Amino acid sequence: MDLKKLCNNVEEIAKEAGEYLLKESGTFDKSMIETKGLHDFVSYVDKGSEKMLVEKLGSLLPSAGFLTEEGTSTRKGLSYSWVIDPLDGTTNFLHSLHPFSISIGLMEGDEIIAGVVHEPGGKETFSAWKNGGAWLNGNEIHVSDRATIADSLVATGFPYYDFDRLTQYMDCLTYLVRNSHGIRRLGSAAVDLAYVACGRFEVFFEYSLHLWDIAAGSILVREAGGVVSDFKGRMDGMSGYEIVAGNSLVYPAMMELIEKFKLNIQK
C-alpha cells in the first residue's frame, strides 16, 4: 500500500469535511445540541461530518472497517480500520470557538500506520504515515528541541466526567504553572498532538480520552521524532484513556511528574 498517496487522498477528504464544519459553524442552531453523557455533547454536525467521512473513506479503501465516535459505521475490516473523530472539539464548536478539528487514523491490526488531522479554522492539515515523516501543509515538521519542563509550553485537557484523579491532576497543574512556560488547554486533543508534532508544544498529557481522539495525532508525534505512551509508559495497544506525548527530552521529565503526583495510579 502506498501510504503517502493514501494520506494525500485522506487530506482532501478531511478538507472537504472541514469546509462543511466551517459552513455549519456560522449558522448552527444551538437548540439542536444533544447530550451523550455528563458534559459530553453531540450535534447533527458531528453526525453529518462522520457520514461524509465514512462514505468517502469507504470508497477510498473498501476493505477497511471503521471505529467511529458517533457509530455511523460499525463495519469490520480484516486487516485495516479507519479511526475517525469527525469533530474533535465539539464543545468549542458549539460555542463558536476555535480550534476544532477532524481526526482520521488508519490502523493495520493494532498498529496506527497513518493519520491526518485537519484544523479548518487555521487551514492547517497535518499528516503522517509509517516511516514517512510528519507533514504540515506539505512541509516536513519535527518536535521541538527544548530540553526541560522549565523551557516547555505544556498542553493538557481537563477531565469532564472522570474525576477520580482530579486532586492529583490539579496538584500536577499547580507545579507546572510554577515551573514551565505555561499551560494551554485548547479543547481538541487531536490539535494538541499536532502542535506537539510541529514543536509548538513540548508535551501534552490527558486522561479519559478515546482512541479516535488520539489515533491520528499519536502517529504525527512519533513520525515527527517524539514519544507517545500511556501514564505507565506503555507505547503499544493504547486506547486513548491515558496519553503523554512529547519530544524525547521533555517526555521523561513529564513521566516523572506523573509518577510523583500519582496520576498513573487508577482506582
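Rings of Phe, Tyr and Trp (its six-membered ring) count as a pair if their centres lie within 6.5 Å, and the pair is stacked when the planes are under 30 degrees apart, edge-to-face when over 60 and tilted for the rest. By this rule, there are eight aromatic pairs here. The model is a predicted one, in which local features need pLDDT of at least 70 and side-chain atom pairs count only at pLDDT 80 or more, while totals for chains, interfaces and linings use all residues. Residues are numbered from 1 along each chain as its sequence is written, and side-chain values use heavy atoms, with hydrogens and water left out.

| Pair | Centre to centre | Angle between planes |
|---|---|---|
| Phe 126 and Tyr 195 | 6.3 Å | 55 degrees |
| Tyr 169 and Phe 205 | 5.8 Å | 50 degrees |

Phe 126 belongs to strand β7 and Tyr 195 to helix α5 (residues 189–197), so this pair ties together parts that are 69 residues apart in sequence. Helices (H or I, at least four residues) and strands (E, at least two) are DSSP runs, numbered from the N terminus. Phe 126 is buried, at 1% relative accessible area, and Tyr 195 is buried too, at 14%. Buried here means under 20% relative accessible area, with a 1.4 Å probe and protein chains only. The charged end of Arg 200 sits over the ring of Tyr 195, 4.6 Å from its centre; the rule asks for NZ of Lys or CZ of Arg within 6 Å of the ring centre and within 35 degrees of the ring normal.

In the other pair, Tyr 169 comes from helix α4 (residues 166–179) and Phe 205 from strand β12 (residues 203–207), so parts 36 residues apart in sequence are tied together. Arg 165 lies over the face of Tyr 207, 4.4 Å from the ring centre.

Now to the sheet. Seven strands form an open sheet in the order β3-β4-β5-β6-β7-β8-β9, with mixed pairing; two strands pair if DSSP finds at least two bridges between them. Its edge strands, β3 (65–68) and β9 (139–141), each pair on one side only. Strands β6 (residues 111–119) and β7 (residues 124–129) are antiparallel partners over six bridges, and Gly 115 stands opposite Ala 128 in β7.

Notes:
Buried < 20%, exposed > 50% of the residue type's maximum accessible area, 1.4 Å probe, protein only.
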